[in-house]
Number of protein chains: 2
Amino acid sequence: MTRAELYQQILEKKSYLCVGLDTAPERLPESVKQEKDPIFAFNKAIIDATQDLCVAYKPNLAFYEAMGPQGWISLQKTLEYIPDTHFTIADAKRGDIGNTSRRYASAFFEQMNFDSVTVAPYMGVDSVRPFLEFEGKWVILLALTSNQGSQDFQMTTQENGQPLYEKVMRKAMSWANPEQLMFVVGATHPEKFKEIRAIAPDHFLLVPGIGAQGGDLAKVSEYGWNDHGGLLVNSSRGILYASSGADFARAARASAQNLQTQMADFIKRFPPA
Amino acid sequence: MTRAELYQQILEKKSYLCVGLDTAPERLPESVKQEKDPIFAFNKAIIDATQDLCVAYKPNLAFYEAMGPQGWISLQKTLEYIPDTHFTIADAKRGDIGNTSRRYASAFFEQMNFDSVTVAPYMGVDSVRPFLEFEGKWVILLALTSNQGSQDFQMTTQENGQPLYEKVMRKAMSWANPEQLMFVVGATHPEKFKEIRAIAPDHFLLVPGIGAQGGDLAKVSEYGWNDHGGLLVNSSRGILYASSGADFARAARASAQNLQTQMADFIKRFPPA
């Protein structure tokens, strides 16, 4: 999916919501546990209930890996079930030496058919570049993450006065353009969005951290929106586990709807050129 | 496996060799491709041929993931086949927010029974700590990696004058002791080993980058060895693909033997106290 196509989806759905599929076996409603593949059954119900309200789905790889080979099968079925109109993100945070990153890229872009994968920058250019060599695919690079530990290294000031996340962003922007590269910026740092948008005016930002982690959608939107939309705001637990009962899909829809309504109100203020 | 037990293995085998299982389907010898599970058949032959010469095995997760669910199954069979006397490393370079890192830890320490996992530090303390909460298991944290891209961020001088990898090491040493924490330090930076050993005198270092990547075993040993051994030196491609013919296992053994002989010569100079 191109950047223009993604923006088009955002305008059509009046939404920049990404639904995070952090599907945990112990949190499945009883009604789903009877199914042959409960993880897929749950994801399918969530996708059915939310697809008109969101533009992206983001399976979190850890949850599937923790279930062994069966988790991998449930993940593949989920990915195949997601409509082509939706941008898909393998939230995997991979990164390794070149010949190994190429394998990871192959896992997510060929073995499975994800549109994008989240990548960790610590190992530098040759750990990121193999993911960029796939035509039509995206790298979503960790910049400033939503968790407490983002203070430990990402915020550290470098010799040149920049925090590490800024150095990561500027360097990565010399490797790839906004048609291939997005950044992860946590909603828990609303005060940083303005300057991050100044560093990368054109790139999409994938924003985790609203909902369970406490980030603020209004502030993120205010500073993060650009002339291509430029935002994918993720909610995982707040949607998936809005209810633990048999009405989980309806509750997930209500939770997604609540976010989409706020997004639609916000988008109204910025009619496309 | 405890640090003392690992050191004991090193002394018994006169080896601190780790064999990296970066098993690529397109590089399998024809003789193995006929097997029902060619990846496992190859790994089994490599393990049979090298186990008396090495103390650790390190499957590289990317290679298994790129094969989908079947790769995961081959990996599990491989892990179960590795003798209990050997330290096992899931080379996965994971790291995510706390609740997600816990899932990855569960994938590698519970769903599978690895002794250790490689972890990327970029996301800070709460991305690493969940892996440390498993009794008897190890985190092997990326410090200074063997690839070209290690220059991009790891080498960057921080405001306090330290390179980032040093900050990562010092911070991580406040989270965990040498019984739980190792560091990845690439053999391609032999000039850094002396100062890295000064920063972390007691921790094991996992050293990739000899062989295909050009690192120097003698220099690494000279500066990296400590009173618990303190070194696991990895070779992957140089052992696995020493021959592409039906004699691959014999050739792998010869390649491992070559390294082990150098290691035995080196260890002789440092009789245990």
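## Burial of A:Leu259

A residue counts as buried if 20 or more other C-beta atoms lie within 10 Å of its own, as exposed if 12 or fewer do, and as partly exposed in between, with C-beta atoms placed from the backbone. A:Leu259 is buried, because 23 other C-beta atoms are within 10 Å. A:Leu259 belongs to helix H12 (residues 248-268) of chain A; helices (H or I, at least four residues) and strands (E, at least two) are DSSP runs numbered from the N terminus.

Apart from neighbours within four places in sequence, A:Leu259 is in contact (C-beta atoms, placed from the backbone, within 7 Å) with A:Leu17, A:Leu217 and A:Ser235. A:Tyr16 is 243 residues away along the chain, with 9.3 Å between its C-alpha atom and that of A:Leu259.

## Basis of the model

The model is predicted: local features need pLDDT of at least 70 and side-chain atom pairs pLDDT 80 or more, while totals for chains, interfaces and linings use all residues. Residues are numbered from 1 along each chain as its sequence is written, and chains are lettered from A and ligands numbered from 1 in the order in which they are written.

## Barrel of chain A

In chain A, eight strands close into a barrel with parallel pairing, in the order E1-E2-E3-E4-E5-E6-E7-E8. Strands pair if DSSP finds at least two bridges between them. E2 (residues 56-59) and E3 (residues 87-94) of chain A pair in the parallel sense over two bridges, and A:Ala56 stands opposite A:Phe87 in E3(A).

## Contact between chains

In chain B, 49 residues are in contact with 49 residues of chain A. H6(B) gives the largest share of this side of chain B, seven residues.

Note on methods: Two residues are in contact if their C-beta atoms, placed from the backbone, lie within 7 Å.
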